[in-house]
Amino acid sequence: MALRTIVLEGDSCLTKVCRPVTAFNGRLHQLLDDMAETLADANGAGLAAPQVGILRRVCLVLDEANECYLELVNPEIIKTEGKQSGLEGCLSVPGKFAVVERPNIVRVRAQDRDGNWFEAEAQGLTARAFCHEIEHLDGHLFVEHVDHFLTEDEIEEYLKEHGEE
């Protein structure tokens with residue numbers, strides 16, 4: 001495994017639609033392993049392949065128990081329910097945070113590293129991460145949902161109000 005460099009806002013690979021994965025081989029497995037190491041090192045909730053410069057439909061999302069990463073290859077959102085608003089940031093947009101509205105419950109269909117199809121459903125932060133990371137695969141960043149980035153004082157106040165201090 002190896003740490004990969006996280007691409008920052010302004011890099012053109014973050015605005016491109018990623019191609020589907022068709023080869024479920026050692027190169028894909030290495031990418032997934034490297035992304036997991038990179039995500040753990042960055043202490044994030046999710047990471048998409050274009051964030052490490054790879055234009056493939058691959059992302060990782062921290063599971064609801066915060067215990068492991070869900071590997072999503074060729075993911076698609078198949079169902080959403082409700083709404084939630086929460087603090088959101090992005091490893092490719094360091095230092096910027098905003099309150100973003102997302103669905104509260106999200107169900108995705110994806111393939112695993114060996115090409116087997118599965119479905120996963122989550123709520124809260126993991127549902128938010130499903131939406132955020134899959135948007136990356138279509139060339140979008142969370143900043144497109146934002147009209148106001150929070151200051152450090154506003155972030156601190158938000159965390160106090162929501163018991164996330």
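Strands E6 (105–111) and E7 (117–123) pair in the antiparallel sense over 7 bridges, where two strands count as paired if DSSP finds at least two bridges between them, and helices (H or I, at least four residues) and strands (E, at least two) are DSSP runs numbered from the N terminus. Within this pairing, arginine 107 has glutamate 121 in E7 as its bridge partner. The model is predicted, so that local features need pLDDT of at least 70 and side-chain atom pairs count only at pLDDT 80 or more, while totals for chains, interfaces and linings use all residues. Residues are numbered from 1 along each chain as its sequence is written, and side-chain values use heavy atoms, with hydrogens and water left out.

The two strands belong to an open sheet of 5 strands, in the order E1-E2-E3-E6-E7, with antiparallel pairing. Its edge strands are E1 and E7, each of which pairs on one side only, and neighbouring strands are turned by 35 degrees against each other on average, direction ignored.

Two helices meet this sheet. H1 lies across E1, E2 and E3 and runs at about 40 degrees to E2, whereas H2 packs on the sheet by touching E1, E2, E3, E6 and E7, its direction making about 165 degrees with that of E2. Such angles run from 0 to 180 degrees between N-to-C directions, the axes being lines fitted to C-alpha atoms, for helices over the stretch in contact; contact itself means heavy atoms within 4.5 Å.

Helix H1 covers residues 26–42, and its 17 residues reach 24 Å from the first C-alpha to the last, close to the 24 Å expected at 1.5 Å a residue, a span taken as 1.5 Å times one less than the number of residues. Among its buried residues are Leu28, Leu31, Asp34 and Leu39, buried meaning under 20% relative accessible area with a 1.4 Å probe and protein chains only. Strands E1, E2 and E3 are included in what covers them. After the helix comes asparagine 43, whose phi is positive, near 60 degrees.

The largest nonpolar core has 28 residues, and Cys59, Val106 and Phe130 are among those with the most contacts inside it; a nonpolar core is a set of buried Ala, Val, Leu, Ile, Met, Phe, Trp, Tyr and Cys residues joined through side-chain atoms within 4.5 Å. H2 gives the most to this core, with 6 residues. Leaving aside neighbours within four places in sequence, valine 106 is in contact with residues including Ile77, Ala120, Ala127 and Phe130.

Definitions and conventions
Buried means under 20% relative accessible area, exposed over 50%, partly exposed in between (1.4 Å probe, protein chains only).
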